[in-house]
Amino acid sequence: MPLNVFVAHPYKTIPIDDYRNAFAELKKDLGAIKFVFADEEITNQHILDKIEKMIVDSDVSLFDVTTWNPNVALELGLAMGLKKDYYILFDPTKEDSEVPSDIRGRERIQYESLSKLRSLLAIALRKHMGATSSTSEFYEETKRRILDFLESNPSSKVGEVAQGIDENINIVKPIIAELKDEGSVAMQGVKKGAKYSLPAA
């Protein structure tokens, strides 16, 4: 059975195709997972009932509170009331740099790019399935291990990095993509057979 993940996010601040592509790539990385999106506006009881059922049927829900969209807020409230597992997502680079005070004390997945969102979600969902370290701790530790490995083993493929640090390739792959996007890692060759090294000094 795939992990069933309900996703609620604002539609105006991030282009839907770009946002959902991060989830499509994550699905390729993680395999047995299904993302369900709240596409319809909550305008009447019928739709609210439908959204509630989607949350109830999910194993875990994701609520992107960037810009504090009222529909997403309502759906988050439903998940809280139903005592369902969930994660709060937030991009501080869009409009507000801080989440609303109502949920400020709750742990959240904070991202500044879609590649980082993908990386952090891979870790969070891994945690949901049994890992014990926190998302942020595991993310930073894995980044450090990847960089340390590439320092000693330049021109390594993703699979070689994963094997070298003894970590699942589906976790390593999006983190390397994030490191490449931020300029901490350089890629040589085409994507399929790409090799990675630390940037030249």
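Reply: Five aromatic pairs are counted in this predicted model, taking ring centres within 6.5 Å as the criterion. A pair of aromatic rings is described by the distance of the centres and the angle of the planes. For Phe-63 and Tyr-86, the centres are 6.3 Å apart and the planes stand at 70°. Because an angle over 60 degrees counts as edge-to-face, this pair of Phe-63 and Tyr-86 is edge-to-face.

The two partners belong to separate strands: Phe-63 is part of strand β3 (residues 60-64), and Tyr-86 is part of strand β4 (residues 86-90). The contact therefore ties together parts that are 23 residues apart in sequence. Tyr-86, by contrast, has a relative accessibility of 22% and counts as partly exposed, since the buried class is limited to values under 20%.

Elsewhere, one aromatic cluster is formed by Tyr-19, Phe-23, Phe-35 and Phe-37. A charged residue also meets a member of this cluster: Arg-20 lies over the face of Phe-37, at 4.1 Å from the ring centre.

The mean pLDDT of the protein is 84, and 86% of its residues reach 70 or more. Confidence is highest in strand β7 (residues 195-197), at a mean of 95, and lowest in helix α4 (residues 114-128), at 81.

Technical notes: Residues are numbered from 1 along each chain as its sequence is written. This is a predicted model: local features need pLDDT of at least 70, side-chain atom pairs count only at pLDDT 80 or more; totals for chains, interfaces and linings use all residues. Side-chain values use heavy atoms; hydrogens and water are left out. pLDDT is the predictor's confidence in each residue, from 0 to 100. Helices (H or I, at least four residues) and strands (E, at least two) are DSSP runs, numbered from the N terminus. Rings of Phe, Tyr and Trp (its six-membered ring) pair if their centres lie within 6.5 Å; planes under 30 degrees apart count as stacked, over 60 as edge-to-face and the rest as tilted. Buried means under 20% relative accessible area, exposed over 50%, partly exposed in between (1.4 Å probe, protein chains only). A charge sits over a ring if NZ of Lys or CZ of Arg is within 6 Å of the ring centre and within 35 degrees of the ring normal.
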